[in-house]
Structure formats: structure tokens, C-alpha cells
Amino acid sequence: MRSHLQICSKLLRSALALLTVATLAATSHAAVQNRITSAVQTNNRVALARTVAPRAARAQDLGLAPSSLKLENMTMRFSMTDTQQAALSKLLVDQQNSSSPLYHQWLTPQQFGAQFGLSAADLSTVSSWLAAQGFTITTTAKSSTFIAFSGTVAQAQQAFGTSIHSVSLDGEQHIANLTEPTLPAALAGVVDMVSGLDDFKLRPRSRVRSVTLANVSPIGSRPRDTVNTTAGLEHFIAPGDFATIYDLNPLFTSSINGTGISIAVMGQVDISLTDIAAFRTASGLSANVPVIKTYGTDPGTPTGTCLGSNPPTSCTVTGGDLEESELDVEWAGATAPSASIIFVNSTDVIGTSLVNAIDNNIAPIMTVSYGGCEVQDFSATAIGTLNTSFQQANAQGITIVGPAGDAGATDCDFDVATAKDGLAVDFPASSPNVTGVGGTEFSEGADTATPNGTYWNNTTTSVSSALSYIPETVWNDTAASIAAAPTTATLSSGGGGVSVIFAKPTWQTGTGVPADSHRDVPDLAFNASADHDPYLVCAEGSCLNGTYFGTGGAFNAFGGTSVSTPSFAGILALLEQKLGGRIGNANPYIYALANGASASTIFHDVTTGNNKQPCTTNSTSCPAGASPIGYSAGVGYDQASGWGSVDASKFVNTFPTVVTTLPSASTVTLTSSAATPALNQSVTFTATIAHTSGTATPSGTVSFTVDSGTANPVTLNAGVATFAATFTTNGTHTIAAVYSGDTNYYGSSGSVNVVAGTVPTGTISLSAAPSTFTVASSGSISSVITVTSAGGYAGTVNLAAVANTLNGSYAFTSNGANVTSLTVPAGGTATATFTVNTITAASKTGGGLKTATGVSSLVLGGGITLAGLFFLGFGNRRQRGWSSLLSLIALAGLIASAGCSSSSSTTTTTTSSGTGTYTITITGTDSLTSAITANTALTVTIQ
């Protein structure tokens, strides 16, 4: 029982917090400084670095996408300033520090925007620019962190200077931008990325197995979870079994059943409420109809011959989205029977469903059963912007849970039987702002063969056959799957391992936690096998007559971490009902419990099994003669099962005793002794650790990496660490520094770029022949652009073309091929032919052409020199910042080299044309230094 002093102290903190919250509530957008301080000019554009989807690079190019194709869900996502990022880091610390007046004082989306979003004036400027490009604005975030809009491929190509193509990947046709979008420099300073320029989606990863009963006649109207199948006596997990095994029943008896708590389930398909009702009937649960919220375009219901069959025998046409979403809704409600379930729907389960659910603050618990390989399914900037949304969620008190993946320790190799892409983990579970849920498998030995065993009642007559907790091992059915079906088997095991994106959060400590400076996953794990004791689900009309079984006693049974994830979300709902409030990021509390005196009673420590997977010899992380790659279970934490599963009753009842006094936020400032070193010149990099509060000098280590290479740990001396490196290749190199953190300060990271080699000197000039044209509307022009070296200049010159209030289809070509740059020899010249077809002027407004704030433009950018994605960084110069408390994301600054990047061609359409004289400016800029640049102008008269 708490002392009188503790209670008074808490009341005092609450009073202070109320004053703070009142201040926050009164804060308007005026509190955020305007960041767009110059006119929006299209002749000065900047590429949004590292935003092209990695899958676009792997896809087969099928040519330009149809220009009239509608892009319904484009989103411009805004960056934070360094000051905002630092303030968010401190806020997240304070919200989880029980000695702070801001402890558990959660923000609303509007309050978040007032501190960390874009100002009202800047939002208006961005909105006006988007409207001027012909886009229709559909959503402005309550948190002022993004604007969603729609338009055509032609409008997107024109506005963002990118090339959108039709592509083919894994037998499916998609569209994708193949070059980085560009924006006027005034806007690029506040924008992280423009999403929605491709239509790649995450695929569901649940595991499904078709089962047929051996004896159909006794089905009747009673549900069963221990049944005789054609494979013999089998057990299937019904809600009653989960409640027995993981000890939910004492909570239910105490009326802790999720009442008053909402769980938001993320999806990207329309679900059937009939299936949900059938599941609850078969499970003996009371009716509880989910609420459905749709953001953006309704994805609709998949079509195909498999729908409506009992059971669906082959549903490849649906992609599995329907089954995935229905099992997520059913099992979130199975473990929290009285919780309100909100199904959030869109065409993009994370980028739209989850982001909008956070921005609308619709529930304190959010579960998403989709994920993707960190390095293959998301661009570096996309991970950064999504993680910023997860930080927003935590600041609002939202807890997010996600699956650790179903391909073992080799998450990039989904849907294959042998890994070739090496060790990898699943995002968003790898984010420190998300609780990652892995997979276990029950290990009851010969108990299944006895009529009344230790763990199961095998009489095949009850709705709940489990008798007690069942020992668990790591879920890994890969070998058995390959043995049973060598030609069709896929990797089938609980995900886990080491993030290459996120630094290790300070709260991730304890027995077994690797000292690797990286975020490790999973955090917890629950039963996930589809082959041994899988879950019962009603999907696509598969349940009949109040049972889980369809016509002929056939049904589908499910497994995968996408079932264990919503099941744990339900346990969190029981916890929040018990606590009477939100908890934000659950991870610090989970690790505090695991390091506490009651850990052995709360957690079922999984100490056997592994998530190792077979790999292709000589592929990544798989040298000749190597054994399967991955991680083994052990005492305490491990990267195969996290802390194991929980006894839900003890977890919920012990949780309130956990008080976390968390360290303060830190920052890393990384500087170099030379910004443009010569090859083989030694450069000293200095990392200085600063902090927002506290008096102790930071201790610990700083790990330096060069271009994603091997980490080099250096011990801090008075808060400073130095590292020397030399460079043997020309170009931009990224050096990252990751601070480990200590007992007083959280870890953080920073980065700096250097350009090694000889930077060109001298000057260039540009000329055009011819340079003046007279054409009719919809006509075309062609001019030879010559770049001439002077003063000994030799290098690569990036080309760009900008025309205010003039539209058309354009290209630079050389020797018959599209180009974006030219190689210019010392004292020589290089030429390219610049063509513009279907020239029209922009629409007239009020009798005159559009003003500079609403211009149309031609843009053809040269490639920018991009720093390589280093092992734990992403983002760009505008976005670089410090790890927040619970994300501790290694946000490393990416400084793009000079130049504009765009496509080799683009098109646009207008509603009218106007006669008059217009100017097209051709610019050439050296690829390594913007100091060497020149331009020439073309004059076009439309008659």
C-alpha cells in the first residue's frame, strides 16, 4: 500500500500536470514558428532523398504509367525541426517518468500539432501549392503533420518532377515512381516525403492450414476445439483455451474483460460482420459488433471463386487480406471479450489506416498484423516518417503492437523455402515505439494421446479443452513443412533478431539482452504455430451451425505472429481497464517487470528451440557449409522468443507496481576535421554527447560506422569520443555515431557526410541552339544544349529545365537515350538535345496567367549524389535529430549533395492554353559542388 507521502506527492504532480495540460490546450498553431520563409519558386528544386520504394528498384519496368490514372491516396508528410525533435524526445521521457509533472499526461493530436507539427501559415502555403498543381486535398492532419490529396499520374509527375511507371514484381503489376520526387526548395525544407506515388502494399503473413474432420456426424451445434481429424487427434485453440493456458480466467471472474476500452485493428479490406458474429457464437462469446472506420479510398471486398465456399479451398486471388483482417478482429475480441473493437480500413494498412487512426486518436491500443522486411519493403525515409507517427502515438498514450514476422530470423525471405537475403527483422515491430510479438509452439509431449492428460482434455466434447498452462518452445515448423511438401513449403517460424535501423533503447536491458547497440526483437511471444495447436477462425463463410466447421467438417486453422499480436492487444485492454487509463509505449514496463522480483511468476521463459532457417550457400550471412542461420532460445531474454509469454493475470495485477524513473534524453553532435578530404587523407570525427536535463557527464561508448560498415566502439572521455578514418573512393561517404546511453541518459545518434576525392574547380557555361521558338499551341521544340568547360573544369554536370506557366512533355537525350547528366572533359564540351512536345500554357485565371505562387513547371533534374544508407540511419538534413525516449531511432542526418533529381520525362495536362511568350531556363550544376553552375534560356512564343 502506498504511503500518505507518496499519495500527496502524486496529487501535487497531478496538480502541476493539470496546469501544464491547460497550457498545452491553450496553445495554438501560432506557437510553432513559420518555416517557409521564402517564395515558392519552381526554378530552385530539391530532391526528397531516399523515398523511392525499394520494391520499385527490384521490379521490371513496363514503361510509363497511364497519365490519366488516378492516384487517390498521395500524402505529403512533414518533417520536424531539430528543436522540435529534441522537445519531443524530452516530452516522451517526461511522460514516462513518474517524478515528472507530465507523467502520463497524454497529448491530443491537436496539442501534438501545436508543438511538433507545421504552423498554420505553412500549412496554408503547402495547401495552396498543392491546389495550384491541380490536386484535390482530402485530409489535413489534426496533428498538422501531413496533408493527403488526390490527382492523376500526369499531375503527380509534373508537380514532383518524377517519372511514374508501370512495373511488374512477383507476378503482380503495380505503378511506382522510379526517381526521387522533387519540390521547390521553399517547400522541401519542411517535407520528409511524398507517399502514394506507388501502389505497393504489405501482404498479410498469417499461416493457414486446411483441416478435415474424420467423423462429421457428431458436429451438431456445439463448438469443439479438440477434434479427431483425418490426421488423428488434434487440438485447436479456441478463446476458452487461450484464457486457460495464459491465465485470463481470474481476470474475467473479477469483471476485468475489456469493458470501456477500445482496440483499433488495422486492415486494408472490407470485412464480413457475419463472419465475426459466427466466430463469437462458436466461441461462446456474447455478441459484440465491431465499429468500422474507413480512411481514404474504400478498398472494397476481394472477389474470386474462393469466396463463399466451405471452407475456401484456395484464396490466392484475395491475397489473404480478408482472412487476416477477420482473424485479427476476432482474436482481439477473444482475449478482451467486452472491449470495443474498431476495424480501421483503407488501401494501405500502415501508411493510411494506422497513421490516420493515430491522428484521430481513436483508441488507446492499436494492433497491426502486417509488417515487412526493414531493408526491402520500406524506403529509409518512409521508416523515419512512420516512426514519427509512432512517436506521436506514444505521446498520445497509445500502445501499438505488431508481429515479429513468420520467416524466422530471415524476414526478407517470405514465401520461400530457403533464405538468401540474410538475417533481417520485421518493421514496424522493430521500432522501439512498438511492442513486437513473436511466436511460440506448445510442447506437451505425449499428452495429446491420453484421454485426460496433464494439459488437455481429449474427449472432443468441450468448448475449452486446455487444462492448464502448456510448456512452450520457439515456433519453428520450417523443417517439418519442407519435409511434408518440399516443392511448396515456405519458411515458417517466429521472427526475431537485430534491427539494422534502430539503436538499442536504454530500457532494453536484462538477462540475455545482447550488448549489441541495436534494438532487438521480439519483446514477447505467444503460440503461433499453424501446424501444432493452431487457432480457430471464422473467415469467408467458413463457420456453420454455431461451429467452427464448414460443409463436410472442413475448416481452415491459422497460425503466425499475426494471431499472437491481436491476442496480446486484448490482454493490454484488460490491463488498461484495471489501471483506468492509457500506458503509452508498453515496452519500458515490460522490461522493468522482466527485471523485477516477480519476473519468474509473470513470464513463461522459453528456453528451448530456435528460429534458425536454412539458407542458400554463399548467399548473405550464409557461407559455404554454414548451418541454418538465426537465434536460439535461452534463459531470460532471447531474439527467438523475447521474454517469452505472460501469465495474463499476474501481468495485469503486477503491472501497477512498476514505477519507471527513466533517464534523460541525449543528443549526438558529430563533426569532421575535413568536409572534402583528399583520398587516403586521415579525417578525425568528433562525437559530442549533450543532454536536455541532468548534471552528470555522459558515459558509455559511441559506435562509429562508415558507409554501413563494421561498428567501431569508442569509450567516451568527458562526454566526447573521436574516431579517425580514411577514404579510398571518390564521392559522398556517411559516418554515423551511435551513443550507447548510460544509467542517466538515453542513447542517441548523429551522422555527417564528407565528399572524398578531388572536388572539381573551374567554371562551366551553357548555350542553346536555337534559343528562340515560335509555335502553335500543342506544338514542339528541339534545341541542342552545349556545356562548355573553362578554367580546367572536368566532371559530371546535372541538367534541369524549369518553365513557369508552361506545360509539355520534355526530355534530354544523347545518342538516342534519355539522360539527366553529361560528362564534360577538361577544356571540352558535351551536348544533349532538349525537346518539348505538346506545349501549352497554363490555365488562365481572372484574365491573367497564374502567379508565382501557383505556377506550373517543367522539371528535368540531374541525379544527386546520395549517401549510402548506413546501418542504423535514415532521414535527411531537415529531419536529422535525436532519438526520442521510446523510439531511440537512429535518425541520422542525410545531407543530399547539390543538384536536383527528377525523371527523364514527364507529362501534364491543362484545361486551356494561352498565347504569349514564355521562358524555359536550362540549368547545369556539377554533381559534387553547387558552386559550379550555369544556365541558359529558351524563349518560346505560342501563337
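Predicted model: local features only at pLDDT ≥ 70, side-chain atom pairs only at ≥ 80, totals over all residues.
**Helix pair H10 and H11**

- Helix H10 covers residues 273-282 and helix H11 covers residues 321-335; their axes come within 10 Å and cross at roughly 40°.
- On the H10 side, the contact is made by Asp275, Ile276, Phe279 and Arg280.
- H11 brings Glu326, Val329, Glu330, Trp331, Gly333 and Ala334 to the contact.
- Sorted by class, this contact holds 5 nonpolar, 1 polar and 4 charged residues.

**Cavities: the overall count and the largest one**

- Searching the whole structure turns up 3 cavities of 30 Å³ or more.
- The largest cavity holds about 150 Å³ of space.
- Its lining is made of 17 residues, and Phe78, Thr145, Thr385, Thr388 and Ser389 lie nearest the centre of this cavity.
- Strand E3 (70-78), helix H4 (109-116) and helix H13 (380-395) are the elements that give two or more residues to this lining.
- Among the contributors to the lining of the largest cavity, H13 gives the most, with 4 residues.
- By class, the lining of the largest cavity divides into 7 nonpolar, 8 polar and 2 charged residues.

- About 40 Å³ is the volume of the second largest cavity.
- The residues that line this cavity are Ile276, Phe279, Arg280, Asn288, Pro290, Val329, Glu330 and Ile341.
- H10 and H11 are the elements that give two or more residues to the lining of the second largest cavity.
- H10 supplies the largest share of that lining, with 3 residues.
- The lining of the second largest cavity divides into 5 nonpolar, 1 polar and 2 charged residues.

**A five-stranded sheet**

- An open sheet is formed by 5 strands in the order E37-E45-E44-E39-E42, with mixed pairing.
- Strand E37 (772-775) and strand E42 (821-824) stand at the edges, each with a single partner strand, so one side of each has no neighbour in the sheet.
- From one strand to the next, the twist averages 25°.
- Strand E39 (residues 795-803) pairs with E42 in the antiparallel sense over 4 bridges.
- Within this sheet, Gly795 stands opposite Val824 in E42.

**Backbone details to check by eye**

- The peptide bond from Val521 to Pro522 is cis, and its omega is near 0°.
- Pro522 sits in the loop between strand E23 (518-521) and strand E24 (524-527).
- A cis peptide bond also runs from Ala769 to Pro770, with omega near -5°.
- Pro770 is found in the loop between strand E36 (763-769) and E37, and E37 is an edge strand of the sheet described above.
- Ser144, a residue other than glycine, has a positive phi near 60°.
- The loop between strand E4 (136-140) and strand E5 (146-152) is where Ser144 lies.
- Thr145 is one of the residues nearest the centre of the largest cavity.

Definitions and conventions. Residues numbered from 1 in each chain as written. Heavy atoms only, no water. Axes fitted to C-alpha atoms, helices over the stretch in contact; angles between N-to-C directions. Contact = heavy atoms within 4.5 Å. Nonpolar A, V, L, I, M, F, W, Y, C, P; charged D, E, K, R; others polar. 1 Å grid on protein atoms, 1.4 Å probe; cavity = no way out; pocket = protein on both sides within 12 Å on 5 of 7 lines; lining within 4 Å. Points joined across faces, edges and corners; volume = space filled by probe spheres on them. Pairing = 2+ DSSP bridges.
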